[in-house]
Amino acid sequence: MPTNRRCRSQTLQQPPRPPHRRRSPLRHRWRLLLRDEVEQSDTENDAEPAAEEKPAHLYQPGVATQNGLIHRHFHHVPLNYYNFLAFVSAVEEINNSSELLPNLTLGFHIYTPYNNLLLTYTIAMNILSGMDSGIPNYSCKTSGPLGAVIEGIAAEHSRQISSLSRIYHYPQINYISGNLVMSGTVKFPYFYRTVPSDLHLCAGIIKLLKHFGWTWVGVIACTDENSVRAVQILKEGIEQSGGCIEFIETISQSSLLMVQDIANIRNTIISSSIKVIILYCNRDRTEFVRYTSIWEAPGKVWIITAESLFTSPSYYVDGKSLLGFTARKKNIPSFQKFLREVNPALFPTDSLTEEWWKDLCNNRCPKSIKRSCSSDETSNYVSHCDIAILGSSYNIYNAVYGLAHALHDMITSSSENTTLWSGKSESVLDFLPWKLHHYLKNLHFKNVLGEEIFFDENGDLTIGYDIISTVYLPDGTRSHEIVGSYNPYASSGKGFTINEKAIVLEDLFSQVRYYFFNPQAPPHSGCSPSCNHGFWKLTRKGTSICCYDCIPCSEGEVSNQTDMDICITCPEDQWPNQNRDACIPKVTTFLSYEEPLGITLTFIIIFFFLITTVILRIFIYYQDTPIVKANNRDLSYILLISLMLCFLCSLIFIGRPEKVTCILRQIVFGITFSISLSSVLAKTITVVLAFHVIKPGNKFRKWMGSRFSNCIVLSCSLLQALLCLIWLCTAPPFPYLNMKSETGTIVIECNEGSIVAFYCVLGYLGFLAGISFIIAFLARNLPDSFNEAKYISFSMLVFCSVWISFIPTYLSTKGKYMVAVEIFAILASSAGLLFCIFLPKCYIILLSPERNSRKFLSKTYND
């Protein structure tokens, strides 16, 4: 590598051409920077020795460098060393490729800021100035021009570095942090990352809670700005999806307050009823919580947002129920091959890294990364072989290849410049940051796995999350495996997947393991037990919406899902089943001939019809006898025939209502009854007139003919027929499905159409009956041999009593029993007329014939 140094003030002149070395003709060396974070588990601000603040690694192909990466804790070695090797592997692949950058060589420096903000700033100035002792606004280049900064430091530090990269227009690519604060191109125009924003992480957690029905959760978060904002988003999202947060506890960034925070959080967890806890902290604080009393709370499902508990070996993780979200990570075959075949001697080594390489020789390592080593090099202590995600290698690969493709696009877009690949290209390359930024914004390529890679409008890579859990294998060992995923960029309904059978969670009610082989029975986490089908939630007064009582659905309503806020009203033609969790078709009912009530009424109707027929036959047979003649036999025939029709019209009320039968029911009933009552009225008037015409010179003699009686019957009947005709023309009766009169039943009945017309018809019949009753009552004291007035009075009294009691009874009954009441009223009133008027006459004709003679009638009159 060239070692000549040319320094300048960046504000005075354009940068000189960078020195370069030749690996092949016209092949230049570029420099990318990977800044890898190695956290401390106890404090952020402990300074390292000065020697460790210098670049820890300067890698050149085939040359081992001095001083390896320095780590405070061995359990961080697997993650960071995977990241380091992934970066090296990606750069070497690009440099050895003849397609992507055939005439350029990528170089890099790696710095370790140890999560120390002061050291981070110092390293940043060294990067931007090109000197070990960075001088602001001064550039001293000893190698190729700086292309970009790839970093994996804490979000707070990454945000501070972004302010510097924005000044110098250097692209900055983060591969671990989804910090919400840094989403936006206005404040962070040169900031990119190969992970999605934590805004999508919050949405994924909410979908996970909703999937398992966990509505009652607790949240433990740090006090940094990103965590505070994320918790607010989580709170709003959980509440919008119908869940609640019982408590939100925070862990201070200060070491002095941390102990008190832990004690308070522990007391809150013990006193709470929650079963699910969301731990929203960075990697340091998540690792810290694992060693506190908070982690000892039994029967809790932990949802974590930092992958630190899954990057440690599985035997380091105690038997907790864990579900973790991590940015999408996939194993890259070329990187796995690199791990198997690369010579460790090419890299800086110390006792820890030597042990790391030996771990890859263990038989417990997956075949994809297991190295072939001699038996004496094999380690019996496997610390990282079961970490299937191999650190952030996938995200680092995307970052390095993204820069390389952006550089490729920048160069090819200037292909018309024939001097671009010439030895004078340094002047063009000095403007790399400005140009490279433009091509990163419009980046679009397929990575080594054939996946589409591009940044969205906020500079975030359009990938999703993997959901990781501890999986117990048949041989008794444990492994951290991907059990689900969430992709916010997927089409609607396809972004969230979960393999419940692969998840193993601690049983919340006993200290045994619970396997999700039954998706319908996940562990419950709610303030109140779930309301089963047939119940709805009634929120308790003065409590959270997640605390409720389960109330049975009301009549006519169902709930076919768990925890419904309100029951669903069944359609009119359906009714709830016994459990009130489904609507079933209502049973249709009507007064039919097959049921006992219909059969009984039919027999009664036929019986009365036959009796009336027999009486009519008797009157016809004895038509020349005095008693038949004395009572106006023509009116008697008309009355008996009309009564026969009244009995028969009752049959129309039985059976399934149809349009024709509904019309005939009331029309036939109204007209036939009007004929009967008109005949009775004519008989009554005839009786009264009969005792006036016998006096000599009486003016009523001319009214005694049958013509007068027939006119009364005809005129009264025609008036009723006119009322029925008006009824039919305005609002005729029609079949109607009554779905409300009886519970769970559809009653097929005849709707009267116009209730006013219906009561007008009944009222007219009542008017005729009332007139007949009054006249007959006044004539009750006339001589018995000619007098029907007493019998007519009693028959009208029966008729009026029946129909007066019919009205309230008719209105109080429902369904087919309403029809039965109307049939009973027709039969009772008709039978009253039949028996009260004709039964005494039949008795005389059949059983006392001596009274049915002219001699007996004359004797009675003379007396």
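This report describes the fold, nonpolar cores, surface patch, salt bridges and aromatic pairs of a predicted model.

## Overall make-up

The protein has 863 residues, and 52% of them are buried. Its secondary structure consists of 22 helices and 29 strands. Of the contacts between residues at least 6 apart in sequence, 68% join residues at least 24 apart.

The accessible surface of the protein comes to about 38600 Å², and carbon and sulfur atoms account for 58% of that area.

## Nonpolar cores

In soluble globular proteins, nonpolar side chains tend to be buried together. The largest nonpolar core in this model contains 67 residues. Phe619, Phe669, Phe673, Leu677, Trp803, Ile823 and Phe838 have the most contacts inside it. Two or more residues each are given to this core by α14 (596–621), α15 (626–630), α16 (633–649), α17 (659–693), α18, α19 (755–778), α20 (789–812) and α21 (816–847). The largest share is that of α21, with 16 residues. A separate core has 51 residues, including Leu101, Leu104, Leu339 and Ile411.

Phe619 illustrates the packing in the core of 67 residues. Leaving aside residues up to four places away in sequence, Phe619 touches Val628, Ser636, Tyr637, Leu640, Phe838, Lys841, Cys842 and Ile845. One of these neighbours, Phe838, is itself listed with the residues that have the most contacts inside the core.

## Surface patch

Leu719, Leu722, Leu725 and Ile726 make up a nonpolar patch on the surface, and their accessible area together is about 360 Å². Leu719 belongs to helix α18, which covers residues 706–730. Leu719 has a relative accessible area of 41% and is therefore partly exposed.

## Salt bridges

Side chains of opposite charge can pair when their charged atoms come close. The model contains eleven salt bridges. One of them joins the side chains of Arg229 and Glu225, with an N to O distance of 4.0 Å. Both residues sit in helix α5 (residues 225–240), four residues apart, which is about one turn of the helix. Arg229 is partly exposed at 39% relative accessibility, and Glu225 is likewise partly exposed at 39%. Glu225 and Arg229 are also linked with Arg159 in a network of salt bridges.

Glu451 and Lys330 meet at 2.2 Å, N to O. The two residues are 121 residues apart: Glu451 lies in the loop between β14 (445–446) and β15 (452–453), and Lys330 in the loop between β13 (321–327) and α9 (333–341). Glu451 counts as buried because its relative accessibility is 18%, under the 20% cut-off. Lys330 is partly exposed, at 30%.

The side chains of Asp565 and Lys537 form a salt bridge of 3.4 Å, N to O. Here the separation is 28 residues, with Asp565 in the loop between β23 (557–558) and β24 (568–569) and Lys537 in strand β21 (residues 535–539). Asp565 is exposed, with a relative accessibility of 57%, whereas Lys537 is buried, with a relative accessible area of 16%.

## Aromatic pairs

A pair of aromatic rings is described by the distance of the centres and the angle of the planes. The model holds 30 aromatic pairs. For Tyr81 and Trp357, the ring centres are 6.0 Å apart and the planes stand at 85°, so this pair is edge-to-face. The pair links distant parts of the chain, 276 residues apart, with Tyr81 in helix α1 (residues 77–95) and Trp357 in helix α10 (residues 351–359). Tyr81 and Trp357 are both buried.

Tyr621 and Tyr622 form another edge-to-face pair, at 4.8 Å centre to centre with 80° between the planes. Tyr621 is exposed, with a relative accessible area of 56%, and Tyr622 is partly exposed, at 27%. Elsewhere, ring pairs connect Phe669, Phe673, Trp727, Phe758, Tyr759, Phe799, Trp803, Phe806 and Tyr810 into a cluster. Phe669, Phe673 and Trp803 are also among the residues with the most contacts inside the largest nonpolar core.

Terms used. Residues are numbered from 1 along each chain as its sequence is written. This is a predicted model: local features need pLDDT of at least 70, side-chain atom pairs count only at pLDDT 80 or more; totals for chains, interfaces and linings use all residues. Side-chain values use heavy atoms; hydrogens and water are left out. Patches are made of residues with over 30% relative accessible area and no salt bridge: like charges are joined within 9 Å, nonpolar side chains (Val, Leu, Ile, Met, Phe, Trp, Tyr) within 5 Å. Accessible areas come from the Shrake-Rupley method with a 1.4 Å probe; for residues, only the protein chains shown count as cover. Buried means under 20% relative accessible area, exposed over 50%, partly exposed in between (1.4 Å probe, protein chains only). A nonpolar core is a set of buried Ala, Val, Leu, Ile, Met, Phe, Trp, Tyr and Cys residues joined through side-chain atoms within 4.5 Å. Contact means heavy atoms within 4.5 Å. Rings of Phe, Tyr and Trp (its six-membered ring) pair if their centres lie within 6.5 Å; planes under 30 degrees apart count as stacked, over 60 as edge-to-face and the rest as tilted.
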